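This report concerns aromatic contacts and a pocket. The coordinates are shown below.

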Amino acid sequence: MKQDSGRKAVTISIRGIVQGVGFRPFIYQLAKKNGLSGRVCNTSGDVKIEAEGPSESIHRFLEDLRPSAPPRSQIHAVDWAYSEPSGYETFQISESVRKEGEYQLISPDIATCSLCRAELFDPKDRRYRYPFINCTHCGPRLTIIEDIPYDRPMTTMAVFRMCPECQAEYDDPLHRRFHAQPNCCAECGPQVELVDGEGRRVDSEDPIAAAASLLREGKIVALKGIGGFLLACDATSTEAVRLLRTRKKRPFKPLAVMVPGLEEIERLCHLSEPEKALLASPEAPIVLLKIRRQDLISPDVAPHLKYLGVMLPYTPLHHLLMQEVGLPLVMTSGNLSEEPIVADNREAIEKLGGIADYFLVHDREIHGPCDDSVAMVELDRTHLIRRARGFAPDPVHLPFDAGEVLGCGAGYKNTFTLTRDRYAFMSHHVGDMDNLETLLHFERTLNLYKTLFRLNPRIVAYDKHPDYLATRYALQLAGRDGALLRLPVQHHHAHIVSCMADNGITSPVLGVAFDGTGYGDDGAIWGGEFLLAGYDRFTRLAHFEYVPLPGGDGAVKKPYRMALAYLYTLLGEEIFGRKLGLLEELKTMEWDLLKAQIERCINAPMTSSAGRLFDAVSALLGIKKEIDYEGQAAIELEMEGTDVAGEEGLYPFRIDALEGREVIRLKELFSGIIVDLEAGTPNSRISAKFHHTIAHLISTVCLSHSQKCGQKQVALSGGVFQNRLLLRLAADHLREAGLEVITHRRVPCNDGGISLGQAVIAHFTVSKGTDAHG
Amino acid sequence: MDDKILLAHGSGGKMSHELLKNTLLKTFNNPLLNNLDDSALFSLSGRLAFTTDSYVVTPLFFKGGDIGKLSVCGTVNDLSMVGARPLYLSLSLIIEEGFPMADLETILVSTLKATEEAGVKIVAGDTKVVPRGNADQIFINTAGVGLVPEGINISSRNARIGDRVILSGPIGDHGIALLGEREGLRFAPPLESDCAPLNALVSDMIEASGNIHSLRDPTRGGLASALNEIAESSRAGIRIYEEAVPIRDAVRAVCELMGFDPLYVANEGKLVAMVPSSDADKVLARMRRNRYGSGATIIGEVVSDHPGRVVMKTPLGTSRIVDMLTGELLPRIC
């Protein structure tokens, strides 16, 4: 052994998001700065460093790692040990090493960074106006990667051979584009092209400028972005927006808009500092903002709503287009109703040909299609409504090792979750699982994540609803391979546990799970649930009383049926003596059938759904009797109650004990609303009073159970908590009652979060079972 | 004669004999049955098809039929769906004590008429009477034998890629009509069950093409279940077009109002066929000349995509997966 007391060698392994974010150049420079020799390389699992030099330099190097790491990196673990010096003379970046079974974290796609943006608009830069400019700080990642390690041959950029200039940047350890896998320029990289509705090339000097003028003329243009196609039109033109709606057969669903800059957004919407930061973040999601001025965009963009989904340009192509157009543009997912986002050029023309007049396409293939994320800032924190671009596939960090589990999710807004070590890899938003395309998208995305993270779990968790396609998928998997362990998980238990895991909470909480539909342990449709929930079990403490859901999903699409189900079940024939608009328009034959359904439960499962309660009140007030998009009736009810000043009072309700649980009776609540309606009280006041009542009801039930069981933490989950008015009021009421409020953050409170809860519950259920067997 | 069925009618004694002689034999008067041996004796040669089904239905009498007609049509249709020419049926009655004799006679007459229409004979039978509450009025079991013509090979396993999916007429009539009768709902316009024997239609189809691959009558579980069974057995995908599936306005309206999906509603006089595309037009034309196939139409095709799955193209252009249901139709929208 050499005895050079001053000179030491170490091997270091760094885990986290450390690939595709300029990490090796950073290590190279840090090593140089500290006068160390050695090498750094990516493996399938980590970044591996061997460093040699004076002992104190090595320690300085180790100390500086975390504080000076590149902005897009995340260091989760640094392991190091002294080793035998190998006598390196310089510090080098060496080839990636692939290790079987090892995995690494993959960076999400990142919005164009400020340096690239400056170059994009700099006439002297060689990438001036080149729509695919990127560097180690920004650009596509998840959507182009096919396998690990994250190197160019493993991406859809493999087909583009770098020109000498790009190659030189790529090879230069001190360059911002050192090993930037999608690195390219106008000489060697992807190109944009404008084509018409039949796929014929439209000649133009500048396809982006040409697309911009078509948009200004009121045309609909489908743009191929980073994760798929977006349908764009002039958001200030009611005519253009209506044309898009007609062609997409979506009369009311709110559309997102892209606005050139924060200043323009601030004219349009109220903007808090956290909202500004979120909009301009590398994730650059669609943020739901309170509308300030209704006259700056067409009222048809978000009909009857007080919030607007807004985003900033997040790819160079968007930046160029927005600069050319100079108008807010509607940007909505390029898909047929309910299907996944279209990502392939040919498929786009086939499927969107009836919607878009022109297509702005490019030849960088999208391997993993990914939608835009949607977020809101409420209660001073970011809440993700749809977790996709910019966020996935960053894992949710768990406060425990979850082993390897697959959670298949539920039905609508679906995601899946794969766990490994202390990570939960939640997929990006997959969509509503009832068509073939979404099922295939689910399967492909699952295979991609399994490949990227080298996972093939033996434990599979799924929802108890027997007819969800994700449930069927889980059961079919088991059919193919008997060694799988399959676990059904109750929907609302999964909701609450997803909220706990999102917040790193491990001890049981009081859970309020309010949503539209979830299959209950008793075969009824649950949805207004108070649980005492831990990772491996739950107790149903209280719920809204059961009413029939006449016609199942039929009553969801026609909330007036739900209103009648409540009124007739709770108040009986008495309602016909009341002056209610809802009854006046009812046709005799329809009422006869509906009444029979309600009385005899013909195709009318029993439900305790909170979502349906909001729907029913909305219909009773005449706000929305039939819906065009999920949650519309409840959302428009929320809008009525938003910004209502003054004390509203509360509607009465009762809580009865029944078979060891509590049932919340709503007869008095509905009577109260009817009295107000008959007295001519405006809808806004009734809605506000109703929201206050539900918030008060939540805190009343939670407080009484908290006093019994001692739990002080209340987790709020389920799609109903996307209702910002309710979320704020519930948090206020609970805090006033001395309880701690736990809300979602990075994991959606809607069914997009279910898969995480399922995976965690399955892990704890299985490991507990194993313990019990010794 | 008694006006109600008594336990003694099933005792095997004198009253049983009288019931047999005065009611059953009088109705189904034919030499094979009249022998009154313990078994019917007959000779057949060729490939035989043999099936049985039990019929329990509420209410017993409904617009378009009753339990008697249903018990003949059901078994005749089961035989027909493998291409067999139905010949002989057995008829076994389990009657609840106190069941009105007049109703029994009505049911038997209607049973007879159905056999006459289908050209089959009841050649064996049995009657049991159970104490009040041990059965719901009357249950009927029929079994049937038929002869499969030479060269015919029809099976759920035989659907081939490229086959056309032919449906013999509008779906959902039976299920919705029965629902109305059972629950006392008044539909405007009123609906009638489509209960009918399909053997003549099938033999017309076989005459038009000796190459029909699969046949299925979409009874319980509706068209969706029938198609899923074929897709699964044949390991092929089936694609249908929502706008091509015929549904009467009245059925559609009730389904819409009550939240039923017509694809899952029962039929008793419809069939779905998988026919090679080259023969589809011939078969279709022939079907339309038959009263039970006058509404026949092509609703889709067998495809290589999504083997084992049934997918329905919606007017929006999306592809809805039409799965078999686990149980009742349940809400899914969150």
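## Aromatic pairs

In this predicted model, Tyr103(A) and Phe425(A) are both buried (under 20% relative accessible area with a 1.4 Å probe, protein chains only; exposed is over 50%, partly exposed in between). Over all chains, the search finds 25 aromatic pairs (ring centres of Phe, Tyr or the six-membered ring of Trp within 6.5 Å; planes under 30 degrees apart are stacked, over 60 edge-to-face, the rest tilted). Tyr103(A) and Phe425(A) form an edge-to-face pair, 6.1 Å centre to centre with 85° between the planes. This pair links positions 322 residues apart.

Phe229(A) and Phe359(A) have ring centres 6.4 Å apart and planes at 75°, so this pair is edge-to-face. Phe229(A) is buried at 0% relative accessibility, as is Phe359(A), also at 0%.

## Charges over rings

The charged end of Arg389(A) sits over the ring of Tyr314(A), 3.3 Å from its centre (NZ of Lys or CZ of Arg within 6 Å of the ring centre and within 35 degrees of the ring normal). Arg540(A) lies over the face of Trp526(A), 3.7 Å from the ring centre.

## Lining of the second largest pocket

The lining of the second largest pocket comprises 24 nonpolar, 14 polar and ten charged residues (nonpolar: Ala, Val, Leu, Ile, Met, Phe, Trp, Tyr, Cys and Pro; charged: Asp, Glu, Lys and Arg; polar: the others, including Gly).

## Conventions

Residues are numbered from 1 along each chain as written, and chains are lettered from A and ligands numbered from 1 in the order written. In this predicted model local features need pLDDT of at least 70 and side-chain atom pairs pLDDT 80 or more, while totals for chains, interfaces and linings use all residues; side-chain values use heavy atoms, without hydrogens and water.

Terms used
Helices (H or I, at least four residues) and strands (E, at least two) are DSSP runs, numbered from the N terminus.
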